[in-house]
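Have it open while you read.

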Amino acid sequence: MAQLRKKSDFVGDTVQLEDVGLRYADGPEIFSNVSLAIPQSSFYFLTGPSGAGKTSLLSLMYLAKRPTRGRLKLFGDDVTDAKRSRLPAIRRRLGVVFQDFRLLEHMTAFDNVALPLRIAKVSEATVEKNVTELLKWVGLEEFMQARPSVLSGGQQQRIAIARAVVHRPKLILADEPTGNVDDTIAFRLMQLFVELHKLGTSVIIATHNEHLVSRFAFPRLHLKAGTLTAMPPATGAES
Amino acid sequence: MIALRSELPLKGDTSSRFVVWLVMVLVFMASIALTTNAYIGALLFHWNQSVTGTLTIQIPVMLDAKDPASTATTERVLDVLNRHPAVERATAVPREKVTELLKPWFGAGEAVADLPLPVLVDVRLSTSEPSAINAVSNSVQSTAPGAVIDDHRAWLNRVIGLAEGLGAIAITAMALVTIALGLTIVFATRASLAEFAQVIDVLHVVGAKDGYIAGQFARRALVQSLIGGGAGLLLYAPTLGFIAWLASRIEPGILPDISFPASHWVVLAALPFLAGLIATITANVTVRRALSAKV
């Protein structure tokens, strides 16, 4: 079930937001008093109209921004005012899929996907094995040595997803991860997220795609006019 | 820390290509400044050595005397000097040598032969103690009251003053070059940071530490400085050769033959590495400071 908890309930969750507000410079708050708890191994859709702040909410969770108000905890660690030096270790437990992919243009598809493993100093043999396996899974084994610029939007998106999951993160944050692929591939990519979820990863997927949301029996967090509402899973969906 | 793998597209970086050229010019300037400083130091040492422990005594011409060379006075002075315990050796400079020295100014004709030239006495002291110099001066003065005693100090002091001024300029040039190198790296690094802002964001998101990113910039700065520094030294070598050729055309004796100690060449060869060290540290600190302002 979707859970919006009271402050006293915040224990052992992957993500905890407590009365969080966020504003850019002197502008108005994008959202305010958002409190939520994402338990371990859970799966949520994050929905809401364009400009509601879905991307901003995700960016708080992958530590690109810090709350201007309230508290934020990741994996039980209060990171609201944490020193910068503590953040890389926390970020290595996250996998992020950006709406605009943010692939590194000067690197091959393989090297892009290998990036989180290499940053974490994983052995090159393991990098080779895991990255190759994953690129096969997303159907891009033929494009391992291709630069992102020669790939289609959908192919780039799959590389972005592979990069986000290659290091088996504890929390996956995906911003419109199926926005550029057809329904068949979208479903296949969703299956990848579901598999990881079953293995114990928490997943939050921000999407506009009502069709996708209705196909999977996962709860949703709906962000509208700066307020977050929990909604139950779609009825009749597959799990 | 220097990262071995580069996740930043620094090879195609347009914002810092000028670094190699600037480092080349800076290392070239530094090597010239160093050589100038070393040359002036060696020149001073040479001059100091050649005049320390020597005196030149001028015995003026007695215009009313029949003997214009004041032979008797000269002999008395030489006698006094050669018996003095602080004097190693005293010899009169032959008149032919004095006229020879004057030839460039007065020519070789009869005019010089008739000139009432003073007698010059070269004195080599066995000590450079000021008290001994005074004692010798007093002895000479009492023997030949009009004699002029020159211990070359006044001349040498003025030369030292000039040389020290030039040396200070060379050292100032070195300091300015170091500052210029630091600023070059700071601005180039900042430009690259702006150019690769999005790449750096991605690296942060996948868990890269600031030190890892700073290491990549530092490694690039090191490589650029080594290349630029090496080129600067390559440029320096023919310049030094040219200066040496110009100097070799000057009459012998005006400039002493000076050879630099091995340490000078070692320091020169180390300049590109020194530039590399400064660049590495500067780039590292610049990146870390810039990144520390992020979330």
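**Notes on pockets, interface and cavities**

1. Start with the largest pocket, where α8(B) is the top contributor to the lining, at 7 residues. Do keep in mind that this is a predicted model. The elements of chain B that supply two or more lining residues here are α1 (18-51) and α8 (210-248).

2. On volume, the largest pocket holds about 640 Å³ of space. Its lining runs to 21 residues, and those nearest the centre are B:Y39, B:I243, B:A244, B:A247 and B:L255. By class, that lining splits into 15 nonpolar, 4 polar and 2 charged residues.

3. Now the interface. Chain A puts 23 residues in contact with 21 of chain B, and the buried area between the two chains comes to about 1,900 Å², with carbon and sulfur atoms giving 64% of that. On the chain A side, A:R84, A:R91 and A:I119 lose the most area to chain B, together 32% of what that side buries.

4. Which residue of chain B forms a salt bridge with A:R84? That would be B:D210, with the closest N and O atoms 2.5 Å apart. The rule finds 1 salt bridge across the interface of chain A and chain B, while the count of residue pairs in polar contact between these chains is 4, both partners being at pLDDT 80 or more.

5. As for what chain A presents to chain B, α2 (87-91) and α3 (109-119) of chain A are the elements giving two or more residues to that side. The largest share, 4 residues, comes from α3(A). Sorted by class, the side of chain A that touches chain B has 12 nonpolar, 1 polar and 10 charged residues.

6. Cavities next: the structure holds 3 of 30 Å³ or more. β6(A) gives the most to the lining, with 3 residues; α5 (153-165) of chain A and α7 (197-205) of chain B each supply at least two. The lining counts 8 nonpolar, 2 polar and 1 charged residues.

7. Finally, the second largest cavity has about 40 Å³ of space. A:D183, A:A186, A:F187, A:N209, A:H211, A:L212 and A:R215 line it, with α6 (183-198) and α7 (210-215) of chain A each supplying at least two residues. That lining divides into 3 nonpolar, 2 polar and 2 charged residues.

Key
Residues are numbered from 1 along each chain as its sequence is written. Chains are lettered from A and ligands numbered from 1 in the order in which they are written. This is a predicted model: local features need pLDDT of at least 70, side-chain atom pairs count only at pLDDT 80 or more; totals for chains, interfaces and linings use all residues. Side-chain values use heavy atoms; hydrogens and water are left out. On a 1 Å grid over the protein atoms alone, a cavity is a set of points where a 1.4 Å probe fits but cannot get out, and a pocket is an open set with protein on both sides within 12 Å along at least five of seven lines; lining residues have an atom within 4 Å of a point. Grid points are joined across faces, edges and corners, and a volume is the space filled by probe spheres set on the points. Ala, Val, Leu, Ile, Met, Phe, Trp, Tyr, Cys and Pro count as nonpolar, Asp, Glu, Lys and Arg as charged, and the others, Gly among them, as polar. Contact means heavy atoms within 4.5 Å. Buried area is the accessible area (1.4 Å probe) that two parts lose on being put together, summed over both. A salt bridge is a side-chain nitrogen of Lys or Arg within 4 Å of a carboxyl oxygen of Asp or Glu. A polar contact is a pair of N or O atoms within 3.5 Å; within protein, one must be able to donate a hydrogen and the other to accept it, and residues adjacent in sequence count only if both atoms are side-chain atoms.
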